[in-house]
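Open the model in your viewer and follow along.

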Amino acid sequence: QAFGMVDHPDRPPLRVALLGCGVVGSEVARLLVTHRDELAARIGAPLELAGVAVRRPQRPRPELPVDPALFTADAAELVTRADVVVEVIGGLEPARGLILSAMEHGAAVVSANKALLAEDGAALFDAADKHGVDLYYEAAVAGAIPLLRPLRESLAGDRVRRVLGIVNGTTNYILTRMTDSGAGFGEALEEAQALGYAEADPTADVEAYDAASKAAILAALAFHTRVTAADVHREGMTEVTPADIASARELGCVVKLLAIAERSEDGTSIGVRAHPAMIPVTHPLASVRDAFNAVFVECEAAGELMFYGRGAGGAPTASAVLGDVVAVARHRVGGGRGPGESAYADLRVRPVGEALTRYHVSLDVADRSGVLAQVATAFAAHEVSIETVRQEKLGSDDAVLVIVTHHAPDAALAATVTALRELPVVRRVISVMRVEGQ
């Protein structure tokens with residue numbers, strides 16, 4: 001028989017419970033029904049949609065090829081009669097309780113919930129181990145991009161040194177617009193909201209909470225260490241200005257909001273951060289535009305790898321969800337489990353102050369002799385070496401000093417900026433931004 005048209009009369013169907021039917025959930029439901037035959041052929045058993053948990057089950061959904069009788073408001077009951085539970089409702093509760101209940105009743109779980117995994121992944125992994133079920137979550141980071149499974153499986157024999165990524169499409173779209181048009185943050189945000197790239201309340205995106213959750217998940221996989229969102233140093237992008245964008249351009253850089261996870265040189269600790277930074281235009285991530293995502297991985301043996309694609313949206317995210325559904329369903333048919341949590345390394349998660357990075361600092365200073373010497377002394381006092389200095393005259397008694405440092409501990413760089421603010425000749429610290437990717 002042709003591939004994708006195989007019946008499996010000898011195998012009972014695997015029951016799939018879908019929690020949530022929003023942008024992603026509705027696309028998952030559609031694909032489960034319309035691709036039923038192909039999915040059965042790939043798995044070795046048919047999938048049966050056992051139910052869809054929603055808040056308003058009576059609401060008409062004519063756009064979905066799903067029996068209206070399958071919609072229910074009783075998610076707690078639904079998860080007790082499923083072989084695979086797909087959770088796409090987001091948030092901490094009731095998602096956490098429903099996932100734990102599903103595992104207790106023997107169901108494998110596929111989730112797209114980055115906030116929950118970053119907040120309380122340890123409890124979910126422990127429950128999966130206790131009950132002998134799979135917990136897969138490819139869709140939790142970077143939408144359709146195959147990323148977590150390569151980190152967990154394909155690179156399992158290698159040693160990851162660093163993960164550097166653009167993992168939030170909203171912020172990348174805003175920064176792309178600011179770079180292309182010279183728009184300010186507020187104007188670019190309004191455009192992103194009008195196009196549906198940004199929520200009405202964009203806090204999770206623009207304050208980097210979303211990126212921090214994803215950074216925690218990536219770090220945990222890459223470095224075999226439990227990492228939570230609380231371990232991630234986070235800075236939002238609301239203070240990024242057109243002047244910062246212009247300064248980056250003059251340096252041959254662009255501004256991106258990055259998720260960064262890196263191993264220390266001695267291999268005993270890791271640092272995890274999410275914040276705006278300048279990266280050289282020659283870096284592969286610099287060309288990632290609009291709402292696209294990309295993650296750059298540096299390994300000892302494999303070298304440099306980049307994963308690129310659509311990081312959000314109903315169909316792209318549903319693609320990642322269905323990939324996980326096929327994987328865990330195959331395990332059910334074959335009588336096994338996929339790889340579970342790997343946290344054997346248990347590396348120390350170091351504070352941001354220990355991170356080695358570079359700073360780009362813009363200062364509004366008095367335009368007179370001796371100013372540069374005082375500024376340079378402040379850097380030297382904290383053992384921070386200056387790479388370049390550029391001065392721009394603003395008026396008869398005003399100038400802007402733009403300073404880029406060599407690599408130094410973040411704590412020393414931050415202390416230097418504090419000292420600069422206290423100098424009488426420094427009228428204002430205009431901006432401070434890290435420089436990464438070099």
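Helices here are DSSP runs of H or I, at least four residues in length, and they are numbered from the N terminus. Keep in mind that this is a predicted model.

**Stop one: a helix pair**

Select residues 36-43, which form helix 2, and residues 314-334, which form helix 12. The two pack with their axes 9 Å apart. Their angle is about 45°. Angles from 65 to 115 degrees count as roughly perpendicular and those under 35 as roughly parallel, so helix 2 is oblique to helix 12. The crossing of helix 2 and helix 12 is right-handed.

Now show side chains. On helix 2, pick Leu39, Arg42 and Ile43. On helix 12, pick Leu322, Val326, Ala329, Arg330 and Val333. These residues make the contact. Colour them by class: six are nonpolar, two are charged and none is polar.

**Stop two: a cavity**

How many cavities of 30 Å³ or more does a search of the whole structure find? The search finds one. The largest cavity has a volume of about 40 Å³.

Select its lining: Tyr136, Tyr137, Glu138, Leu148, Arg149, Arg152 and Asp324. Which helix gives the most to this lining? Highlight residues 148-154: this is helix 6, and it gives the most, with three residues.

Colour the lining of the largest cavity by class as well. Four of its residues are charged, three are nonpolar and none is polar.

Key
Residues are numbered from 1 along each chain as its sequence is written. This is a predicted model: local features need pLDDT of at least 70, side-chain atom pairs count only at pLDDT 80 or more; totals for chains, interfaces and linings use all residues. Side-chain values use heavy atoms; hydrogens and water are left out. Axes are lines fitted to C-alpha atoms, for helices over the stretch in contact, and angles run from 0 to 180 degrees between N-to-C directions. Angles under 35 degrees count as roughly parallel, over 145 as roughly antiparallel, 65 to 115 as roughly perpendicular and the rest as oblique. A crossing is left-handed if the near helix is turned anticlockwise from the far one by less than a right angle, and right-handed if clockwise. Contact means heavy atoms within 4.5 Å. Ala, Val, Leu, Ile, Met, Phe, Trp, Tyr, Cys and Pro count as nonpolar, Asp, Glu, Lys and Arg as charged, and the others, Gly among them, as polar. On a 1 Å grid over the protein atoms alone, a cavity is a set of points where a 1.4 Å probe fits but cannot get out, and a pocket is an open set with protein on both sides within 12 Å along at least five of seven lines; lining residues have an atom within 4 Å of a point. Grid points are joined across faces, edges and corners, and a volume is the space filled by probe spheres set on the points.
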